[in-house]
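Work through the exercises below with the sequence and the model at hand. Each task is followed by its solution.

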Amino acid sequence: TPQFGGNVDGQGNKVEDVELDNYKETIHALGSTDTPAIDVANGNVQSVTITSGLALPTFSNAETGQSVTLLVSGSGSATGGTGYVFAGGNKTLTTTSVVSIFYDGTNYYTSIATDFQA
């Protein structure tokens, strides 16, 4: 059984029929800003703290089929740059929100989940 002690470079090749066990993603912290720079090279899960709203930019290094899950702390309204469309027109962020964004090469399909309760 091969064991890896470092990064694996797939050199642009496709990996098919993979089952992952004990899988997790790194959360890249964007800090405190209402205008974050989302770079997919930093990973697919990112977090940000806002003070009054969230201005969503086009992704840096984006390719068709990529997505980002943005964990948002703070309340306000979301706005999006060119190509952003919001599920149900919902742009309201509450104290804790999860913003899911899928890029199809033209549009950023965005949905906002709020009202998380114990």
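The exercises cover the sheet, the aromatic pairs and a surface patch.

The model is predicted: local features need pLDDT of at least 70, side-chain atom pairs count only at pLDDT 80 or more, and totals for chains, interfaces and linings use all residues. Residues are numbered from 1 along each chain as its sequence is written, and side-chain values use heavy atoms, with hydrogens and water left out.

**Exercise 1.** Determine the strand order of the open sheet and its edge strands.

Step 1. Take strands as DSSP runs (E, at least two residues), numbered from the N terminus, and call two strands paired if DSSP finds at least two bridges between them.

Step 2. Six strands then form an open sheet with mixed pairing, in the order β1-β2-β4-β8-β9-β6.

Step 3. β1 and β6 (84-86) each pair on one side only, which makes them the edge strands.

Step 4. From one strand to the next, the twist averages 25°; the axes are lines fitted to C-alpha atoms, and angles run from 0 to 180 degrees between N-to-C directions.

Step 5. β8 and β9 run antiparallel and are joined by six bridges. Ile101 has Thr110 in β9 as its bridge partner.

**Exercise 2.** Classify the ring pairs Phe59–Tyr103 and Phe59–Tyr108.

Step 1. Rings of Phe, Tyr and Trp (its six-membered ring) pair if their centres lie within 6.5 Å; planes under 30 degrees apart count as stacked, over 60 as edge-to-face and the rest as tilted. The structure holds five such pairs.

Step 2. For Phe59 and Tyr103, the centres are 6.5 Å apart and the planes at 55°, so the pair is tilted. Phe59 is in the loop between β3 (53-56) and β4 (67-73), and Tyr103 is in β8 (residues 96-103), 44 residues apart.

Step 3. Apply the burial cut-offs: buried is under 20% relative accessible area, exposed over 50%, partly exposed in between (1.4 Å probe, protein chains only). Phe59, at 7%, is buried, and Tyr103, at 14%, is buried.

Step 4. Phe59 and Tyr108 are 4.9 Å centre to centre with 75° between the planes, an edge-to-face pair. Tyr108 lies in β9 (residues 108-113), so this pair ties together parts 49 residues apart in sequence. Tyr108 is buried at 3% relative accessibility.

Step 5. Ring pairs link Phe59, Tyr84, Phe86, Tyr103 and Tyr108 into a cluster.

**Exercise 3.** Which residues form the nonpolar patch on the surface?

Solution. The residues are Val15, Val18, Leu20 and Tyr23, with about 460 Å² of accessible area together (Shrake-Rupley method, 1.4 Å probe; for residues, only the protein chains shown count as cover). Patch residues have over 30% relative accessible area and no salt bridge, and nonpolar side chains (Val, Leu, Ile, Met, Phe, Trp, Tyr) are joined within 5 Å. A salt bridge is a side-chain nitrogen of Lys or Arg within 4 Å of a carboxyl oxygen of Asp or Glu. Val18 is found in the segment before β1 (27-32).

Technical notes:
Patch = residues over 30% accessible without salt bridge, like charges linked within 9 Å, V, L, I, M, F, W, Y side chains within 5 Å. Helix = DSSP H or I, 4+ residues; strand = E, 2+ residues; numbered from the N terminus.
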